[in-house]
Amino acid sequence: MSVQLAILGQHLLNGVLVGCAYALIAMGLTMIFGVMNIANFAHGEFYMLGGFLAFYLVSLVGLNYFVALPTAVALVVLLAVLLQHSIFRRLRDAPTMTTTLVTIGLSILLEHVALLLWGPQPQSVPTPFPPSPINLGGIYTTPLYLFSMAVTAALIVAGHLVIRRTRMGKAMRATFQNKEASALVGIRIDRIYMLTFVFGAALAAAAGAVLGGFIPVEPTMGGVVTLKAFVVVILGGMGSFFGAIVGGLLLGLAEALGAGYLSSGWKDAIGFFAVILVLLFRPEGLFRRA
Amino acid sequence: MRETPAQHPIALLATLVVLLAVPLVVRDEYFLHLFIVSGIFVIVAISLDLMVGYVGQLSLAHAAFFALGAYTSALLFVRFKWSMWVGIPAAGLVTALAAFLLGLVILRTRGHRFIIITVAFSEIMKLAATNWVDVTRGFMGLPGLQIPTLTIPGIGAIDIASKERFYYVVLIAAVLTFLACRALVRSRIGRAFVLVRENEVLAESLGISAFRYCMIAFVIGAGLAGAAGSLYAHYVGFVSPDLFNFSWVTVMLIMVILGGKGTLVGPALGAVIFTFLPELLREALQWRMIIFGTILIVATLFMPRGIIFPLLEHLVPSRWRTRHARAA
């Protein structure tokens with residue numbers, strides 16, 4: 001394999017994992033948007049908390065890595081239930097400005113609680129995987145990387161199946177399409193709201209817990225990821241589940257290629273420019289028929 | 001709609017007298033500094049209120065306009081030695097132009113999409129300030145800005161660099177902004193703003209273009225924010241990409257929401273309160289943003305009119321209030 005091709009493969013491989021994480025976060029965000037009509041600016045904080053709780057449970061509590069990951073997700077789920085009961089329940093049918101301001105406030109609150117608890121220095125989740133690289137025909141990777149890829153990919157597929165194949169997913173989709181009619185046929189809307197919110201939070205927390213092994217876990221990481229996830233949601237079409245998955249992968253790959261061939265400082269701008277262009281020329285999203 | 005005591009002409013005049021006396025009474029440099037920063041944020045909060053309170057669109061790009069103005073002025077000073085007197089109008093014009101171009105794209109969208117693109121715009125601006133190192137010096141920022149002397153024909157050059165003097169410059173700028181915006185929202189344009197906010201379909205059916213009036217509020221608001229940014233840059237003497245941080249827009253929104261959106265006086269008071277309050281909480285620095293986040297959640301959910309006007313109505317007997325037609 002030529003060197004150029006190997007480098008390209010390396011960039012693409014790096015992009016896929018980040019893309020999977022974006023997809024997981026955007027899936028929850030787009031569901032919450034579709035079902036609850038809330039642009040949840042605090043969504044990235046679930047990702048951040050997933051990462052920090054995994055770090056906390058492994059490093060400071062001394063839990064086994066494979067136990068710590070689901071525990072971290074479970075704790076975030078608990079938090080999401082509390083938030084739904086205390087705050088998000090009140091945002092039903094509220095104007096856009098209200099829901100946005102409240103979720104921005106919540107995002108600041110969670111970020112700075114994390115700062116208070118764990119400090120500003122970037123942390124990393126210790127993993128039991130050996131750091132030795134694996135050579136895949138010129139492209140190098142690590143066991144941790146392959147594990148993370150497998151987990152995030154499995155979660156995406158699982159999330160997709162839940163939405164497409166289960167009764168719960170069907171009820172969510174029905175609520176998304178028509179709230180009143182769904183209530184009329186006996187779907188308990190309050191429960192669907194709760195399930196959607198918690199499910200979305202769990203996916204984001206899982207992404208954070210898994211990626212915490214590579215990328216620095218810090219209190220400010222949630223804000224950036226929220227914006228990226230919004231980019232993905234707009235690219236894929238707001239409320240479109242499939243669009244969130246494809247959009248997430250596309251953004252991850254585009255950023256990896258941008259960082260590799262253009263400039264790492266500007267890679268974050270790719271998504272933001274893309275959003276403006278998409279809203280200008282294809283406001284319904286890239287993957288939806290108008 | 002009934003006018004609250006805070007908007008009575010006599011109340012405004014009394015406030016102005018008190019504000020004029022501030023440097024005579026407050027000898028502490030640090031408190032004067034807070035008064036100056038409050039004054040700059042009064043301009044910012046009032047200009048944000050045009051968009052958030054009057055046409056009812058939540059723009060999260062306001063801090064980016066403030067920072068863009070600060071950078072414009074700083075670059076003109078550092079590269080071309082243009083003083084603040086050129087910098088302020090230049091910053092206002094550049095940000096107003098940026099808002100116009102952005103507005104052409106985003107004012108056709110509403111709701112979530114509008115909000116999200118204003119964030120995307122802010123992030124692009126931040127990345128530019130950080131990565132365009134040849135021009136902006138990246139993270140190092142642009143230092144060394146100065147406050148110029150004020151030359152008045154017939155009187156000569158006056159040094160305004162001291163805090164006592166610069167306070168008056170900021171005060172004049174804030175009062176002029178307030179009067180201009182009040183004239184705007186009480187005019188036909190201001191009534192169109194409110195109609196667009198309350199019922200866009202009705203506005204359009206009456207031939208009032210929502211796009212056009214959103215654009216007017218957006219461009220004027222951005223221009224004022226940019227001018228305020230220029231004032232701030234020259235006062236602090238330093239600009240860096242931190243000016244684009246999201247926390248700035250949060251603080252601005254808290255000023256407007258808690259002050260009482262759509263009232264101009266409320267956000268102005270909010271700007272003063274929320275410049276002083278964080279400093280009084282200095283002991284508990286790490287709690288500051290936690291408190292701010294909580295305030296934003298609670299105020300948005302439970303205090304849609306802010307704190308100032310409901311509090312005044314509670315405290316002041318109703319017979320003291322005057323009746324006066326106004327736009328909001």
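User: In which helix is the place of Tyr22(A)?

Analyst: This is a predicted model, in which local features need pLDDT of at least 70, side-chain atom pairs count only at pLDDT 80 or more, and totals for chains, interfaces and linings use all residues. Residues are numbered from 1 along each chain as its sequence is written, while chains are lettered from A and ligands numbered from 1 in the order in which they are written. Helices (DSSP runs of H or I, at least four residues) and strands (E, at least two) are numbered from the N terminus. Tyr22(A) belongs to helix α1 of chain A.

User: Is Tyr22(A) buried or exposed?

Analyst: A residue is buried if 20 or more other C-beta atoms, placed from the backbone, lie within 10 Å of its own, exposed if 12 or fewer, and partly exposed in between. Tyr22(A) has 28 other C-beta atoms within 10 Å, and therefore it is buried.

User: Which residues does Tyr22(A) touch, not counting residues up to four places away in sequence?

Analyst: Two residues are in contact if their C-beta atoms, placed from the backbone, lie within 7 Å. Tyr22(A) and Gly247(A), 225 residues apart in sequence, have C-alpha atoms 8.4 Å apart. The residues that Tyr22(A) touches are Lys228(A), Ala229(A), Val232(A), Gly248(A), Leu251(A) and Gly252(A).

User: Which residues have the most contacts inside the largest nonpolar core?

Analyst: A nonpolar core is a set of buried Ala, Val, Leu, Ile, Met, Phe, Trp, Tyr and Cys residues joined through C-beta atoms within 7 Å. The largest one has 198 residues. Ile25(A) is in contact with residues including Tyr47(A), Val225(A) and Ala229(A), leaving aside neighbours within four places in sequence. Those with the most contacts inside the core are Leu24(A), Ile25(A), Ala205(A), Val44(B) and Ala45(B).

User: Which element gives the largest share of the side of chain A that touches chain B?

Analyst: The contact takes 32 residues from chain A and 30 residues from chain B. On the side of chain A, the elements that give two or more residues are α4 (96-118), α9 (221-236) and α11. The largest share, 15 residues, comes from α4(A).

User: What is the phi of Asp93(A), and is Asp93(A) buried or exposed?

Analyst: Most residues other than glycine have a negative phi. Asp93(A) is not a glycine, yet its phi is positive, at about 60°. Its place is in the loop between α3 (65-86) and α4 of chain A. Because it has 9 C-beta neighbours inside 10 Å, Asp93(A) counts as exposed.

User: What is the radius of gyration of chain B?

Analyst: The secondary structure of chain B comes to 14 helices and four strands. The radius of gyration is taken over C-alpha atoms, and the globule rule is 2.2 Å times the number of residues to the power 0.38. For 328 residues that rule gives 20 Å, and chain B is close to it, so chain B is as compact as a globular protein of that length. The radius of gyration of chain B is 20 Å.
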